[in-house]
Amino acid sequence: MSLITNVMDHSLDEGYAEAAARKQADGNGGMPKTLRAKLGLAGGLVLAALVVTVGAAQARVEAPVVAKEREELIDRIDRETEAADELEDGIDALRADVSARRSEALRRSGQSDRTDLVGLLAGAVAVHGPGVKLVVNDAKDASGGGDGDARSTTGFSDTGRVRDRDMQRVVNGLWESGAEAISVNGQRLTALSAIRAAGDAILVDNRPLVPPYTVFAVGDGHRLSSRFQNSSDGLYLQALQESYDIRTALSVEDELRLPAAPSVIVRTARPTTETAPEKGTP
């Protein structure tokens with residue numbers, strides 16, 4: 001206790017003051033005494049001031065250049081974005097034209113019905129009909145960040161954010177419940193579609209989506225809704241809502257419209273024209 005009392009009564013400031021007084025009494029106050037030392041100190045101060053002044057002047061001269069380069073970069077990004085949008089619009093127009101010409105050619109050959117069915121199942125054509133609308137959203141107090149990994153073995157995360165694995169289970173549950181066509185935030189899903197994550201963002205076919213996630217599923221609305229809610233994936237979604245405040249809303253709709261998916265490009269497979277050999281032929 002005496003040591004603590006001594007520390008409290010005699011602060012370190014007193015010790016510093018005594019040391020400075022002794023140093024000054026000995027003639028070592030910290031300031032240079034000789035002319036050479038004083039000139040050296042003055043030269044050092046002048047050099048430091050010169051470096052600071054030159055740096056400030058250079059920064060002031062380069063500031064307009066940096067600002068101009070930044071504006072030029074922003075303008076370039078805007079121009080490239082507009083060009084990309086125009087190209088995308090052109091692609092959509094060409095895709096619609098190709099689809100119309102193909103449908104007309106198949107109609108003339110008498111194969112339009114079968115091709116329409118194949119196109120519907122493959123997601124190559126826009127569709128409409130009854131079904132269900134499912135909206136999945138993050139919790140109101142969802143925290144950002146997290147490690148971006150998929151949910152743990154328990155299937156949940158404490159961030160309150162919807163993850164890619166959640167949307168995968170939702171979509172798979174709707175397919176298993178009888179959905180005939182599905183889209184997520186306007187992105188039509190096909191057999192080749194992928195739902196992945198990039199940090200906290202959910203990607204559908206490499207296109208980032210933002211919550212809320214609106215899922216349209218065409219099918220027998222009432223049956224589809226009932227089967228999905230009673231499925232394991234529907235119960236998983238309900239557990240997310242009850243335990244982690246993930247917001248969901250499921251409704252039966254009389255009319256839904258889903259866009260066509262981008263055309264599938266075949267890069268390797270080719271149709272064969274060779275006839276199979278007859279049995280017994282060497």
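Me: Let me start with the cut-offs: buried means under 20% relative accessible area, exposed means over 50%, and partly exposed is what lies in between. Which class does L250 count as?

Reply: This is a predicted model, so keep in mind that we're reading computed values throughout. L250 comes out at 29% relative accessibility, so it counts as partly exposed. You'll find L250 in strand 8.

Me: Which residues does L250 touch, leaving out those up to four places away in sequence?

Reply: L250 touches V132, K133, L134, S225, F228 and Q229. For a spatial reference, take V136: it sits 114 residues from L250 along the chain, yet their C-alpha atoms are separated by 8.9 Å.

Me: How does V204 count by its relative accessibility?

Reply: V204 has 1% relative accessibility, so it goes in the buried class. V204 belongs to strand 5, residues 201-204. Skipping residues up to four places away in sequence, V204 touches Q187, L189, A194, I195 and L209. S193 is 11 residues from V204 in sequence, with 7.1 Å between their C-alpha atoms.

Me: Let's zoom out. How many helices and strands does the protein chain have?

Reply: There are seven helices and eight strands. Of the 282 residues in the protein chain, 22% are buried. If you take contacts between residues at least 6 apart in sequence, 74% of them join residues at least 24 apart.

Me: Which residues of helix 7 are buried?

Reply: They are D233, G234, Y236, L237 and L240. Look down the axis of helix 7 and these buried residues fall within an arc of 160°, so they line one face of the helix. They pack against strand 1 (127-137), helix 5 (164-176), helix 6 (221-230) and strand 8 (247-258).

Me: Which residues of helix 6 are buried?

Reply: For helix 6, it's G221, L224, S225 and F228. Down the axis of helix 6, the arc holding its buried residues is 100°, so here too they line one face of the helix. The face turned away from that buried side carries the exposed residues H222, R223 and N230. Covering the buried residues of helix 6 are, among others, strand 1, helix 5, strand 7 (213-218), helix 7 and strand 8.

Me: And which residues are buried in helix 5?

Reply: In helix 5 the buried residues are D164, D166, M167, V170, V171, G173 and L174.

Me: At what angle do the axes of helix 6 and helix 7 cross?

Reply: In general, two packed helices are described by the angle between their axes and the distance between the axes. Here the axes come within 4 Å and cross at roughly 70°. Angles of 65 to 115 degrees count as roughly perpendicular, so that is how helix 6 and helix 7 are described. On the helix 6 side, F228, Q229 and N230 meet S232, D233, G234, L235 and L237 of helix 7. By class, that contact has three nonpolar, four polar and one charged residues.

Me: Last topic, the backbone. What is the phi of N185 near?

Reply: Most residues other than glycine have a negative phi, and most peptide bonds are trans. N185 has a positive phi near 50° and isn't a glycine. N185 is in the loop between strand 2 (181-184) and strand 3 (187-188), and its 27% relative accessibility makes it partly exposed. D205, another non-glycine, has a positive phi of about 55°. D205 sits in the loop between strand 5 and strand 6 and is partly exposed at 31%. Just after helix 7, D245 takes a positive phi of about 60°. Following helix 5 there's G178, with a positive phi near 115°.

Me: Where is the cis peptide bond?

Reply: The cis peptide bond joins P211 and P212, with omega about 0°. P212 lies in the loop between strand 6 (207-209) and strand 7.

Methods. Residues numbered from 1 in each chain as written. Predicted model: local features only at pLDDT ≥ 70, side-chain atom pairs only at ≥ 80, totals over all residues. Heavy atoms only, no water. Buried < 20%, exposed > 50% of the residue type's maximum accessible area, 1.4 Å probe, protein only. Helix = DSSP H or I, 4+ residues; strand = E, 2+ residues; numbered from the N terminus. Arc of directions from axis to C-beta. Contact = heavy atoms within 4.5 Å. Axes fitted to C-alpha atoms, helices over the stretch in contact; angles between N-to-C directions. Parallel < 35°, antiparallel > 145°, perpendicular 65-115°, else oblique. Nonpolar A, V, L, I, M, F, W, Y, C, P; charged D, E, K, R; others polar.
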